[in-house]
Amino acid sequence: MLRSLRVRLLLAIILVVLIAVSVTAVVARQRTTGEFQRYVESGGNSANRRFAFVLARSYAVNQGWSDIQTEVERLAQITGERVVVADQRERVVGDSEETLIGQPVRSNWPPPFAIMVAGNTRVGSLYLGPLAGPREADTAFLSALNRSLLLSALLAGLAAVAVTLALSGRIVGPVQRLTTAARRMEKGDLSTRVSVETDDELGQLAHAFNAMAGSLGQQEQLRRNMVNDVAHELRTPLTNLRGYLEAARDGLVGTDAALVDSLYDETMLLSRLVADLQELAQAEAGRLTL
């Protein structure tokens with residue numbers, strides 16, 4: 001199965017597409033996540049500054065965070081998110097859910113959305129949304145983005161498979177026809193030819209195959225002609241020898257010196273023909289030295 005050119009070509013292109021799509025998806029995910037985070041941060045800066053200004057003014061009016069819980073609950077109703085305010089010692093002084101008041105800011109919390117300043121002095125920090133991990137809307141957006149990237153990679157892979165099957169048919173088809181023609185030639189059919197449909201490397205290969213088949217057919221015809229010629233040339237002296245010997249055996253001619261000389265001449269002619277054939281065989285084998 002893996003020896004098939006079509007299967008290997010399909011696997012190679014699928015592997016290349018998977019690597020390319022995977023690298024693209026990873027890079028796109030990282031870039032998109034970073035850009036989205038910066039967008040969220042930049043989009044919330046103006047609102048965060050307004051919230052921080054309101055809270056800092058409440059701190060200045062009340063000379064502390066004694067009445068901050070009311071402002072925190074009002075901001076939570078406006079934003080629809082959890083609002084937590086910590087003082088300059090990183091201790092929670094206001095929580096819209098009223099569960100963290102008096103507790104210190106934990107290390108796993110995200111960075112504050114805004115820093116509150118009163119009289120050029122930092123007086124607290126503002127936290128919005130979930131205190132562990134990204135907000136639900138951000139998570140939903142990133143999940144949808146990841147699903148879109150996965151779907152795009154899947155569609156790209158299917159498209160690559162379809163294109164590979166189409167291309168492999170155009171590439172492997174001529175190769176299979178060449179293989180079939182070569183097997184027919186192996187069985188002795190030197191008249192087989194393949195159609196030349198393109199001018200690319202496969203077309204040139206088909207043209208070279210046809211030229212080789214034509215040359216082999218011509219050489220085979222020349223070999224047959226040579227065998228016929230050799231058989232004709234050998235038949236004449238052998239016929240003469242046979243005739244003289246049969247006549248001598250039947251007593252029609254005497255075995256005098258003239259008969260012996262004639263038989264000797266015919267034998268020498270056969271020897272020259274055999275020597276010529278030997279030299280021809282050496283020349284065809286490339287072992288004849290001039």
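Reader: What share of the 290 residues of the chain counts as buried?
Author: Buried means a relative accessible area under 20%, exposed means over 50%, and partly exposed lies in between, with a 1.4 Å probe and protein chains only. By that count, 27% of the 290 residues are buried. This is a predicted model, in which local features need pLDDT of at least 70 and side-chain atom pairs count only at pLDDT 80 or more, while totals for chains, interfaces and linings use all residues. Residues are numbered from 1 along each chain as its sequence is written, and side-chain values use heavy atoms, with hydrogens and water left out.

Reader: In what order do the elements of the chain run?
Author: Helices (H or I, at least four residues) and strands (E, at least two) are DSSP runs, numbered from the N terminus. There are five helices and four strands, and from the N terminus on they run α-α-β-β-β-β-α-α-α.

Reader: What share of the contacts with a separation of 6 or more comes from residues 24 or more positions apart?
Author: Contact means heavy atoms within 4.5 Å. Of the contacts with a separation of 6 or more, 51% are between residues 24 or more positions apart. Leaving aside neighbours within four places in sequence, Asn210 is in contact with Arg193, Val194 and Val196. Asn210 has a relative accessible area of 15%, so this residue is buried.

Reader: Which residues have the most contacts inside the largest nonpolar core?
Author: In soluble globular proteins, nonpolar side chains tend to be buried together. A nonpolar core is a set of buried Ala, Val, Leu, Ile, Met, Phe, Trp, Tyr and Cys residues joined through side-chain atoms within 4.5 Å. Here the largest one has 19 residues, and Leu55, Trp65, Val83, Val85, Met116 and Leu126 have the most contacts inside it. At least two residues of this core come from each of α1, α2 (68-79), β1 (83-87), β3 and β4. The largest share, five residues, is supplied by α1.

Reader: How many salt bridges does a search of the whole structure find?
Author: A salt bridge is a side-chain nitrogen of Lys or Arg within 4 Å of a carboxyl oxygen of Asp or Glu. The search finds nine. One of them joins Arg82 and Glu97, with the closest N and O atoms 3.4 Å apart. Arg82 lies in the loop between α2 and β1, and Glu97 in the loop between β2 (92-95) and β3, so the pair ties together parts that are 15 residues apart in sequence. Arg82, Asp95 and Glu97 are linked in a network of salt bridges.

Reader: Are Arg82 and Glu97 buried or partly exposed?
Author: Arg82 counts as buried because its relative accessibility is 18%. Glu97 is at 46% and therefore counts as partly exposed.

Reader: What does Arg122 form with Glu90?
Author: Arg122 and Glu90 form a salt bridge, with 2.8 Å between the closest N and O atoms. Arg122 lies in β4 and Glu90 in the loop between β1 and β2, so this pair ties together parts that are 32 residues apart in sequence. Arg122 is partly exposed at 40% relative accessibility, and Glu90 is partly exposed at 26%.

Reader: Which residues form a nonpolar patch on the surface?
Author: Patches are made of residues with over 30% relative accessible area and no salt bridge; like charges are joined within 9 Å, and nonpolar side chains (Val, Leu, Ile, Met, Phe, Trp, Tyr) within 5 Å. Leu15, Ile19, Val23 and Val27 form such a nonpolar patch, with about 360 Å² of accessible area together. Ile19 lies in helix α1 (residues 5-62). Ile19 counts as partly exposed because its relative accessibility is 47%.

Key: Accessible areas come from the Shrake-Rupley method with a 1.4 Å probe; for residues, only the protein chains shown count as cover.
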